[in-house]
Amino acid sequence: MPPTSDSTRLRARTFRSMGTVVSLTVASGHYAQTAVDELESATAVVEDKFAELDLTFSLYRDGSEASRLARGELTLAYASESMQDLYVEAAEWRLATEGAFTAERPDGTLDLSGIVKAHAAREAALSLEALGLRDWCLNAGGDVLVSGSPRPGTEQPWIAGIVDPQDRQSLLGAYPMATNRALATSGSAERGHHIWGVGGVRPEFDQVSVSAGDIITADVLATAIVAGGTRTLDQAVGKWNVEVLAVRRDGTLLATPGFRKAA
Amino acid sequence: MATALASAGILLAGWQSGAHIADTGTTTTTTSLSSSATSGSSGTSGSSGSSGSSSGSSGGSSGSSGTSNGTTTAATYDGAAVQTRFGTVQVQVTIQGGKITEVTALQLTDAERKSAQISSRAAPVLRSEVLQAQTADVQTVGGATVTSDAYLTSLQAALDAANF
């Protein structure tokens, strides 16, 4: 990626968390060393936030609070406030999506992993704002949350490419992240982890991308539409201010106007 | 499904009242044809009408090439707009040989209109109709979650490396 202008360039740092890789990209016109210091301290703050939430919510750590809940050693009434809050939020989304999004596995195990990554991105954004950073792009394993512009001081939006699920080395399309700062994508291949088709039916969509004003809405609805199919897609675009790009199993696309080329 | 059947019944009711009120029938219709159609609509032809509504205008086109026998010429009628508890309904009915061969909704119920609007908001598109971009044009890549290992060969990794 070449510099975006003479005085600005993008700098990125990455770290591993929650089974994937998180990238933070910052647009800065500062002197190189200042910008690098700023980016590295911001990355450290974001990484700490992800690590903290991963410790609490990951089911693959036996000692995590989520694992103790899943084993019945702890009940929700005695869980931490952040666990209770996220469970309440997930339950509200389950109602709002008529069950297409759920934080319970078919066997009844509590599993918030479908919402934890987005929650971490939301918390990280608060930290970045508190640090005074204005122009950044956070990519948490394919879910994107942005602020400002890749060219600070301009209206130019961050542009997110959307990967082609049938050829992950190419892009299906692009989405300018102007009014909607968040973009989340779910795939039916993830189903084993956190997407279960409603009624055990094989999902209609291979991949669903949803852009929204906040990362939780985008993430939850992308997951819900993979699970609930066209019915949930129609419900989501009628009920929330979101844009959707869905890839059917045969590779054909469904798109709301925001994902279409300007006529 | 139950709603669709109820709507079909209302569509026919709308057509019946429309046949009397609007009387906007076209082409070569005889009174006897019209009355036989009305009597026919009270029975099983109602359900055949509902299936006809989804099959486009084929009934009309076959009517235009109607046979020499006057009683089998197809005729279409626009019903009156009728207020129902499902919203406003108006239908067009094609009659041929004394039977309803097609029922087309000219005006949808509010519920149907809403679903049409919703589906037009997320419509099928060709890949060429989606905003295109090359990796060089984007600052980040969205996609279904990849594992840490899969990240190494991803487009996002290439962008991150370029900006490191």
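**Exercise 1. Determine how many residues of chain B are in contact with chain A, and how much area is buried.**

Step 1. Count contacts (heavy atoms within 4.5 Å). In this predicted model, 41 residues of chain B touch 59 residues of chain A.

Step 2. Take the buried area, the accessible area (1.4 Å probe) that two parts lose on being put together, summed over both. It is about 4300 Å². Carbon and sulfur atoms give 53% of that area.

Step 3. B:R127, B:Q139 and B:N163 supply 17% of the area that chain B buries against chain A, more than any other three residues.

Conventions: residues are numbered from 1 along each chain as its sequence is written, and chains are lettered from A in the order in which they are written. Local features need pLDDT of at least 70, side-chain atom pairs count only at pLDDT 80 or more, totals for chains, interfaces and linings use all residues, and side-chain values use heavy atoms, without hydrogens and water.

**Exercise 2. Identify the salt bridge across the interface of chain B and chain A.**

Step 1. Apply the rule: a side-chain nitrogen of Lys or Arg within 4 Å of a carboxyl oxygen of Asp or Glu. One salt bridge is found.

Step 2. Name the partners. A:D164 pairs with B:R127, with the closest N and O atoms 2.9 Å apart.

**Exercise 3. Describe how β6(B) pairs with a strand of chain A.**

Step 1. Strands are DSSP runs (E, at least two residues), numbered from the N terminus. Pairing needs at least two bridges.

Step 2. Strand β5 (residues 158-164) of chain A and β6(B) pair in the parallel sense over three bridges.

Step 3. Locate one position: A:A160 stands opposite B:T140 in β6(B).

Notes. Helix = DSSP H or I, 4+ residues; strand = E, 2+ residues; numbered from the N terminus.
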